[in-house]
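Here are a few exercises to work through with the model open beside you. Try each task before you read its solution.

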Amino acid sequence: MTVKVKLYGDYLKYGPEETYINIEDNSTVEDVLNKFGIEERKYIIVLVNLKRAWFDDKLNEGDVVSVFSPVGGG
């Protein structure tokens, strides 16, 4: 199946800002992170179709996975 992946902020070092990837059926968010070699997971925000997602959430054909680092400031 194909999903769209968008990387933001610090995660741009792992790939292009926006790309489509092919993954196996029943793949999870963690599988996508592994495909990009993203090991920095202590502070990460992942959205699937603009909703908060967790590493073990399964993906569906056409999903949009967005990967962010949290924004801090004061």
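**Exercise 1.** Work out whether Lys13 is buried, partly exposed or exposed, then find its salt-bridge partner.

*Solution.* Start with the relative accessible area: Lys13 comes out at 57%. Buried means under 20%, exposed over 50%, and partly exposed in between (1.4 Å probe, protein chains only), so Lys13 counts as exposed. Next, look for a salt bridge, meaning a side-chain nitrogen of Lys or Arg within 4 Å of a carboxyl oxygen of Asp or Glu. Lys13 has one with Glu40, at 3.0 Å from N to O. That pair links distant parts of the chain: Lys13 sits in the loop between β1 and β2, Glu40 in the loop between α1 (29-35) and β3 (45-48), and they are 27 residues apart. Glu40 itself is partly exposed, at 35%.

Before you go on, some ground rules: this is a predicted model, in which local features need pLDDT of at least 70 and side-chain atom pairs count only at pLDDT 80 or more, while totals for chains, interfaces and linings use all residues. Residues are numbered from 1 along each chain as its sequence is written, and side-chain values use heavy atoms, with hydrogens and water left out.

**Exercise 2.** Say how strand β1 pairs with β2 and with β5.

*Solution.* Helices (H or I, at least four residues) and strands (E, at least two) are DSSP runs, numbered from the N terminus. Two strands pair if DSSP finds at least two bridges between them. Take β2 to begin with: β1 (residues 2-7) runs antiparallel to β2 (residues 18-22), with 5 bridges joining them. Lys6, for instance, has Glu18 as its bridge partner in β2. Now try β5 (residues 64-68): here the pairing with β1 is parallel, over 4 bridges. Leu7 finds its bridge partner in Val67 of β5.

**Exercise 3.** How many salt bridges does a search of the whole structure find, and what do the pairs of Glu18 and Arg41 connect?

*Solution.* The search turns up 3. Check Glu18: it bridges to Lys4, with the closest N and O atoms 3.1 Å apart. Glu18 is in strand β2 and Lys4 in strand β1, so this pair ties together parts 14 residues apart in sequence. Glu18 is partly exposed at 43%, while Lys4 is buried at 18%.

Then move to Arg41, whose partner is Glu30, with the closest N and O atoms 3.2 Å apart. Arg41 lies in the loop between α1 and β3 and Glu30 in helix α1, so the pair ties together parts 11 residues apart in sequence. Glu30 is partly exposed, at 35%.
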